[in-house]
Amino acid sequence: MAFFGHEFCRAFSSSALRSVAIKHVVIIGGGQMGAGIAQVAASTGHQVTLVDMSEAILTKAVKDMGTSLKRVVKKKYADKPEAGEAFIEKVLGNVSTATDATAAVQSTDLVLEAIVENLKVKQELFSVLDKAAPAHTIFASNTSSLPIGDIASATSRLDRFGGLHFFNPVPMMKLVEVIGTSATSQETFDSLMNFSKALGKTTVSCKDTPGFIVNRLLVPYMMEAVRLHERGHGSKEDIDVAMKLGAGYPMGPFELLDYVGLDTAKFILDGWSAMDQKNPLFTPSSLLNKLVAEGKLGKKTGEGFYKYK
């Protein structure tokens, strides 16, 4: 995907906007998150264009969607196999793929980005798409940690920009955090809320603050567990057991860190620490940094706080 420098922003008055009924969505990023969002949107009758630089990634994304839908059908249409096959065909028929993001956004209601957690890359992407998308098109990011306002600043549609934070795996997780910045119009926010609800998700309204709601509470919790362990006040095994049996959590904090990815946790924590160095909740962890430096990132590499090989 080619990115281009920021050009002069066109002027636009938000007063002429009305709440947009989102029927077509372009999802940028064919990884697990992007493909999951595409599947859910297509399953609820939306037309979806999934965009990625790589045809191979897009082919895999569509294949993974088919596999995921078969699991859905096995439960939902257990006694009606033909109806199940028809459902899969219909859902996949709502999905098209593309490698040219600029062309893909020229007639869509929503552009939702689910690419690498890198502010500059996201800004470059939206700067380009801002010049190609129609005036009514809403932009949104699926970022879990970067400020929505900072991403939106690369565009001329600050009032038509918000956040839609989905959770992995998207078909299973019921929550979407809907984020509005100080510049997001009420019409835009309402459209994002309505779209998320149309996907069958439960929504919560969030301000554009570090980590929104879930990660703002979850990441400090996981990191305090690491610090507790670093101080010698509990083994990782005991801490995990304590939180599962004492607090009723399905995973302990170390198990969850390995599932999320230690590099992802470090990236989020480093970003927050850079924004607010005096906040003790954002203090980096030497143990976490050591594991990441050694390439022990959790389940995806076979070892993190625990070994999986």
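Residues are numbered from 1 along each chain as its sequence is written, and side-chain values use heavy atoms, with hydrogens and water left out. This is a predicted model, in which local features need pLDDT of at least 70 and side-chain atom pairs count only at pLDDT 80 or more, while totals for chains, interfaces and linings use all residues.

Reader: Shall we start with the fold: how many helices and strands are there in the protein chain?

Author: Helices (H or I, at least four residues) and strands (E, at least two) are DSSP runs, numbered from the N terminus. By that count, the protein chain has twelve helices and eight strands.

Reader: And what is the radius of gyration of the protein chain?

Author: The radius is taken over C-alpha atoms, and the globule rule is 2.2 Å times the number of residues to the power 0.38. The C-alpha atoms fill a box of roughly 60 × 55 × 35 Å along the principal axes. For 309 residues the rule gives 19 Å, and the chain comes close to it, so it is as compact as a globular protein of that length, with a radius of gyration of 20 Å.

Reader: What share of the contacts in the protein chain with a separation of 6 or more is between residues 24 or more positions apart?

Author: Contact here means heavy atoms within 4.5 Å. Among contacts with a separation of 6 or more, the share from residues 24 or more positions apart is 66%.

Reader: What percentage of the residues of the protein chain count as buried?

Author: Buried means under 20% relative accessible area, exposed over 50%, and partly exposed in between (1.4 Å probe, protein chains only). Of the 309 residues, the buried share is 47%.

Reader: Which residues touch the most other members of the largest nonpolar core, and which helix gives the most to this core?

Author: A nonpolar core is a set of buried Ala, Val, Leu, Ile, Met, Phe, Trp, Tyr and Cys residues joined through side-chain atoms within 4.5 Å. In soluble globular proteins, nonpolar side chains tend to be buried together. The largest core here has 38 residues, and those touching the most other members are Val 48, Leu 110, Leu 164 and Phe 166. With seven residues, the helix that gives the most to this core is H1 (residues 32-43).

Reader: How many residues does the second, separate core have?

Author: Phe 126, Ala 132, Leu 146 and Phe 161 are included in that second core. The number of residues in it is 22.

Reader: Is Phe 126 buried or exposed?

Author: Phe 126 lies in helix H5. Leaving aside neighbours within four places in sequence, Phe 126 is in contact with several residues, including Phe 139, Ile 151 and Phe 161. At 0% relative accessibility, Phe 126 counts as buried.

Reader: Where is Thr 137, and what is its relative accessible area?

Author: Thr 137 sits in the loop between helix H5 (119-132) and strand E5 (138-141). Beyond four places in sequence, Thr 137 touches Thr 108, Asp 109, Leu 110, Val 111, Arg 157 and Arg 160. In turn, the residues that Leu 110 touches include Thr 137 and Leu 164. Thr 137 is buried, with a relative accessible area of 0%.

Reader: On to backbone geometry: which peptide bond is cis, with omega near 0 degrees?

Author: Most residues other than glycine have a negative phi, and most peptide bonds are trans. Pro 169 is in the loop between strand E6 (161-166) and strand E7 (175-180). The cis bond runs from Asn 168 to Pro 169.

Reader: What is the phi of Phe 212?

Author: Phe 212 is in the loop between strand E8 (202-207) and helix H8 (214-230). Phe 212 is buried, at 6% relative accessible area. Its phi is positive in a residue other than glycine, near 60 degrees.

Reader: With which residues is Phe 267 in contact, leaving aside its neighbours within four places in sequence?

Author: Phe 267 belongs to helix H11 (residues 262-275) and counts as partly exposed at 36% relative accessibility. The C-alpha atoms of Phe 267 and Ser 145 are 8.8 Å apart, although 122 residues separate them along the chain. Its contacts are Glu 117 and Ser 145.

Reader: Finally, is Lys 307 buried or exposed?

Author: Lys 307 is found in the segment after helix H12 (286-293). From C-alpha to C-alpha, Lys 307 and Gln 39 are 32 Å apart. At 67% relative accessibility, Lys 307 counts as exposed.
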